[in-house]
Amino acid sequence: MKQIECKNIVVNYDSNIAVKNVSFSIDKGDYLCIVGENGSGKSTLIKSILGLEKIKSGEIIFLNDLKRNEIGYLPQQTIVQKDFPASVFEVVLSGTLNSRGIKPFYSKKEKDLANENIEKLGLKEFKNKSYKKLSSGQQQRVLLARALCSTKKIIFLDEPITGLDINITKEMYSIIKKINEQGITVVMVSHDINFAINNANKILHMQKECKFFGTVNDYVNSEIYKNFIGGSENV
Amino acid sequence: MFNVLTEMLSYTFIIRAIIVGGLVALCSSLLGVSLVLKRYSMIGDGLSHVAFGALTVAMALNLTPLYVSIPVVVISAFLLLKLSERSKLKSDSAIALISTVALAIGVISISLAKGVNTDVFSYMFGSILAMNSTDVVISIALSIVVLVLVILFYNKIFAVTFDENYAMATGTNSNLYNMIIAFLTAITIVIGMRIMGTMLISSLIIFPALTSMRVCKTFKSVMISSAIISVICLLLGIIISYVYAIPTGASIVMVNAIMFVIFFVVGKVLNKV
Ligand SMILES: Nc1ncnc2c1ncn2[C@@H]1O[C@H](COP(=O)(O)OP(=O)(O)O)[C@@H](O)[C@H]1O
Ligand SMILES: [Mg+2]
């Protein structure tokens with residue numbers, strides 16, 4: 001069952017092409033990893049699907065009743081201004097906002113969900129701490145907890161493990177795996193190609209254009225994969 | 001002290017100033033938290049100059065000031081917001097241009113309007129005598145509307161202030177809430193400008209938020225404390241303005257400045273502990 005269909009997407013920054021003629025689709029329950037070198041347009045592609053970058057041409061279609069407020073998102077970079085007064089709980093709770101519609105205040109249900117995700121990510125002791133005072137790894141976990149609160153059908157993760165140590169990385173990956181098994185679609189930008197081929201069911205390889213889109217099995221047998229691995233071994 | 005207070009409260013114009021001023025202080029301090037954090041405080045400043053221009057033109061043409069200033073300032077708020085969304089740098093200079101032109105229009109219309117008994121000084125720096133009873137009724141109604149909307153949209157305001165992109169990506173209409181914030185700010189500035197003075201009204205937006213952020217570290221506590229700080233400063237400011245016969249806006253700004261210094265020191269001490 002298709003959830004998102006992208007047809008010939010083109011995204012420009014001024015006159016520089018960042019994403020060129022990319023077409024692919026995302027099915028319900030997919031675990032899609034987007035791989036490719038730095039600057040190959042992975043983040044831009046995700047942002048265009050989420051409506052944060054305008055596409056110059058092409059089409060992005062949400063299918064089977066997928067709505068924007070059923071999406072969770074962990075950005076690659078979140079610029080929050082220095083000294084922003086917000087507690088961890090306030091930040092995580094704000095992730096549930098998209099399911100409130102026009103109802104103004106959070107109910108117990110949303111607060112419970114926020115608490116649950118705070119606990120899941122091992123942030124209980126920081127719940128009432130100031131977000132800006134946390135380390136970057138802790139902030140990353142807070143933002144993942146917020147993303148989990150927003151996720152009803154699909155979650156977009158842009159290099160989610162940046163700045164995390166090994167144990168927390170494992171923990172994070174297993175959380176993502178678990179929600180995927182519960183039927184949530186996962187779209188993840190990853191630098192970790194081994195992780196991608198071992199966990200995803202589909203791969204999208206970006207190099208401004210889409211160099212590969214298909215199943216992991218087909219990907220590991222492809223030229224582009226062999227070149228990519230070879231290339232990174234040479235670095 | 002007590003005598004002064006009872007004396008003050010025997011004047012209708014002071015009671016008006018306290019009621020309207022208090023409501024404006026509440027609205028502006030709550031909106032101010034979001035505006036300051038979004039680095040939009042320049043918009044407040046720009047709008048207050050536009051409000052001055054609109055006010056003086058209305059006076060010169062013998063129109064009711066509120067009826068002219070509200071639409072003019074609301075439209076300007078949307079324009080300034082659109083400008084800031086494009087580019088911070090360009091918008092700062094654009095706001096500066098708009099401010100000075102509005103100011104120039106204001107000063108010209110004051111000097112051309114012979115028939116009106118115009119007191120430029122009180123327009124600019126505030127007066128407790130400024131409100132007639134129609135002004136008061138409209139102001140109270142409008143500020144209650146602003147207050148209710150701020151409370152209803154509190155969680156959305158937090159989300160778009162903290163991370164506008166995230167809110168947008170996950171299905172919250174950030175642009176709409178930015179427009180609502182700009183709209184409410186415009187209304188608040190128009191209501192508050194007679195008491196505070198058009199040159200000083202923007203400090204009512206900026207100061208309480210900055211002051212409470214010295215000490216409070218969660219969004220909710222910053223909102224609540226800036227509202228309290230704002231109202232206290234306003235009351236003290238009105239009393240001082242009455243006792244020493246100085247412009248109300250100026251005396252409220254000075255009280256806010258002193259409060260800021262106190263919170264600044266307290267914040268430093270708390271951080272050390
Ligand atoms: N906001 C921006 N303005 C201008 N150029 C950008 C912007 N964001 C990204 N780019 C450029 O677009 C290209 C793709 O970037 P990005 O999508 O971030 O790549 P990736 O996520 O794969 O590392 C890069 O060349 C980058 O320099
Ligand atoms: Mg990227």
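Ser25(A) is found in strand β2 (residues 16–27) of chain A, where helices (H or I, at least four residues) and strands (E, at least two) are DSSP runs numbered from the N terminus. The structure is a predicted model, in which local features need pLDDT of at least 70 and side-chain atom pairs count only at pLDDT 80 or more, while totals for chains, interfaces and linings use all residues. Residues are numbered from 1 along each chain as its sequence is written, chains are lettered from A and ligands numbered from 1 in the order in which they are written, and side-chain values use heavy atoms, with hydrogens and water left out.

**Ser25 in chain A**

- Ser25(A) is buried, with a relative accessible area of 14%, given that buried means under 20% relative accessible area, exposed over 50% and partly exposed in between (1.4 Å probe, protein chains only).
- Leaving aside neighbours within four places in sequence, Ser25(A) is in contact (heavy atoms within 4.5 Å) with Lys2(A), Ile4(A), Glu5(A) and Phe213(A).

- Among the polar contacts (pairs of N or O atoms within 3.5 Å), a backbone N or O atom of Gly39(A) lies 2.7 Å from an oxygen atom of ligand 1, and a polar backbone atom of Ser40(A) is 3.2 Å from an oxygen atom of the ligand.
- A polar side-chain atom of Ser43(A) also lies 2.7 Å from an oxygen atom of ligand 1.
- Of the 560 Å² of accessible area that ligand 1 has on its own, the protein covers 58%, as calculated by the Shrake-Rupley method with a 1.4 Å probe.

**The magnesium ion**

- The protein donors of the magnesium ion (ligand 2) are Ser43(A), through OG, and Gln76(A), through OE1, lying 2.0 to 2.1 Å from it; donors are N, O and S atoms within 2.8 Å of the metal (3.2 Å for Na, K and Ca), and sites may look incomplete because water is not among the atoms.
- Ser43(A) lies in helix α1 and Gln76(A) in the loop between β5 (71–74) and α2 (88–94) of chain A, so the pair ties together parts that are 33 residues apart in sequence.
- Ser43(A) is buried at 16% relative accessible area, whereas Gln76(A), at 39%, counts as partly exposed.

**Thr56 in chain B**

- Thr56(B) lies in helix α3 (residues 41–60) of chain B and counts as buried, at 2% relative accessibility.
- Not counting residues up to four places away in sequence, Thr56(B) touches Ile105(B), Gly106(B), Ser109(B), Ile110(B) and Tyr123(B).
- A polar atom of the Thr56(B) side chain lies 2.8 Å from the backbone oxygen of Gly53(B).

**Positive phi angles**

- Most residues other than glycine have a negative phi.
- Glu159(A), although not a glycine, has a positive phi of about 50°; Glu159(A) sits in the loop between β6 (154–158) and α5 (166–181) of chain A and is buried, at 10%.
- Asn62(B), also not a glycine, has a positive phi of about 65°; Asn62(B) lies in the loop between α3 and α4 (65–86) of chain B and is exposed, at 70%.

Definitions and conventions
A polar contact is a pair of N or O atoms within 3.5 Å; within protein, one must be able to donate a hydrogen and the other to accept it, and residues adjacent in sequence count only if both atoms are side-chain atoms.
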